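These are my notebook entries on a structure I went through element by element.

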Amino acid sequence: MKRRHPFRLIAILLVLPEVLYLLAGNLYLNYPGGPPGVNPRPDKVRVSYAWGFTPWPTRVVLASFAIHGESRRVTWDVASSRVSGHVDLMALAGRRFSASALSAADVEVGIHTHPATADVDSVPADPSKPRWTIALADATLDVRSMTLDTAQVRQVRIHGGMELHLKKDLRLAPGHADL
């Protein structure tokens with residue numbers, strides 16, 4: 001009778017969750033037409049990218065990444081040829097996008113304001129629904145261009161962090177920009 005090696009079983013049990021994560025995570029990121037749930041309100045915010053992969057849990061790499069957002073007062077775009085970082089997946093359930101060790105190349109940012117209209121604040125926000133928070137820590141962005149209406153900055157490297165509470169406030173962590 002052949003005796004089984006307990007170490008082989010232990011190795012399989014340790015490696016199997018990682019293999020399943022890689023398979024599921026990479027299938028999700030490269031789902032045809034984009035991952036489900038990424039663009040629940042495309043009239044307000046649209047996220048797109050050419051392809052993505054996750055080499056291990058929480059680490060995500062995206063190519064040709066772009067976000068487009070619109071409100072009554074502001075239209076904004078952020079695009080990058082390549083973005084990578086660690087994403088806190090559990091925080092997404094609490095309407096918080098939290099990323100660390102974020103790196104982005106060839107970033108282009110455009111922010112365009114629109115004249116305020118009388119009905120801008122006529123629809124009050126639902127206080128029972130928490131607002132999204134975007135938190136970036138230890139981020140390095142190689143920005144090709146940043147445009148705010150008619151003002152433009154080119155070729156800047158930004159390192160630092162920020163926390164943005166949508167429709168509330170923006171807090172910047174200590175950082176620096178190399179012009």
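I started at Phe53, which is partly exposed, with a relative accessible area of 31%. I kept in mind that the model is a predicted one. I then looked up Trp51, which at 39% relative accessibility also counts as partly exposed. My search for ring pairs returned one aromatic pair in the structure. The pair consists of Trp51 and Phe53, whose ring centres lie 6.0 Å apart and whose planes meet at 20°, so I noted the pair as stacked.

I counted one helix and nine strands in the protein, and read from the N terminus the order of elements is α-β-β-β-β-β-β-β-β-β. Of the 179 residues, 23% count as buried. I looked up the accessible surface as well: the protein exposes about 12,600 Å², and carbon and sulfur atoms supply 64% of that area. Among contacts with a separation of 6 or more, I found that 51% join residues 24 or more positions apart.

Which residues have the most contacts inside the largest nonpolar core? I found them to be Leu62 and Leu102, in a core of 16 residues. Strands β3 (59-70), β4 (74-87), β5 (96-113) and β6 (133-148) each supply at least two residues of this core, and the largest share, five residues, comes from β5.

On the surface I noted a nonpolar patch formed by Phe7, Ile10, Leu14, Val15 and Val19, with about 540 Å² of accessible area together. I checked one of its members, Ile10, in more detail: this residue sits in helix α1 (residues 6-29), and its relative accessible area of 45% makes it partly exposed.

My search of the whole structure found four salt bridges, and I followed up several of them. Arg144 forms one with Asp106, where the closest N and O atoms are 3.7 Å apart. Because Arg144 lies in strand β6 and Asp106 in strand β5, this pair ties together parts that are 38 residues apart in sequence. The side chain of Glu108 also meets that of Arg144 in a salt bridge, at 2.7 Å from N to O; here Glu108 is in strand β5 and Arg144 in strand β6, 36 residues apart.

Asp106 is partly exposed at 36%, and Glu108 counts as partly exposed at 34% relative accessibility.

I next looked at Arg157 and Asp142, whose side chains meet in a salt bridge at 3.1 Å, N to O. Arg157 lies in strand β7 (residues 151-165) and Asp142 in strand β6, so the pair ties together parts that are 15 residues apart in sequence. Arg157 counts as partly exposed at 40% relative accessibility, and Asp142 is partly exposed with a relative accessible area of 29%.

Conventions:
Residues are numbered from 1 along each chain as its sequence is written. This is a predicted model: local features need pLDDT of at least 70, side-chain atom pairs count only at pLDDT 80 or more; totals for chains, interfaces and linings use all residues. Side-chain values use heavy atoms; hydrogens and water are left out. A nonpolar core is a set of buried Ala, Val, Leu, Ile, Met, Phe, Trp, Tyr and Cys residues joined through side-chain atoms within 4.5 Å. Buried means under 20% relative accessible area, exposed over 50%, partly exposed in between (1.4 Å probe, protein chains only). Helices (H or I, at least four residues) and strands (E, at least two) are DSSP runs, numbered from the N terminus. Patches are made of residues with over 30% relative accessible area and no salt bridge: like charges are joined within 9 Å, nonpolar side chains (Val, Leu, Ile, Met, Phe, Trp, Tyr) within 5 Å. Accessible areas come from the Shrake-Rupley method with a 1.4 Å probe; for residues, only the protein chains shown count as cover. Contact means heavy atoms within 4.5 Å. Rings of Phe, Tyr and Trp (its six-membered ring) pair if their centres lie within 6.5 Å; planes under 30 degrees apart count as stacked, over 60 as edge-to-face and the rest as tilted.
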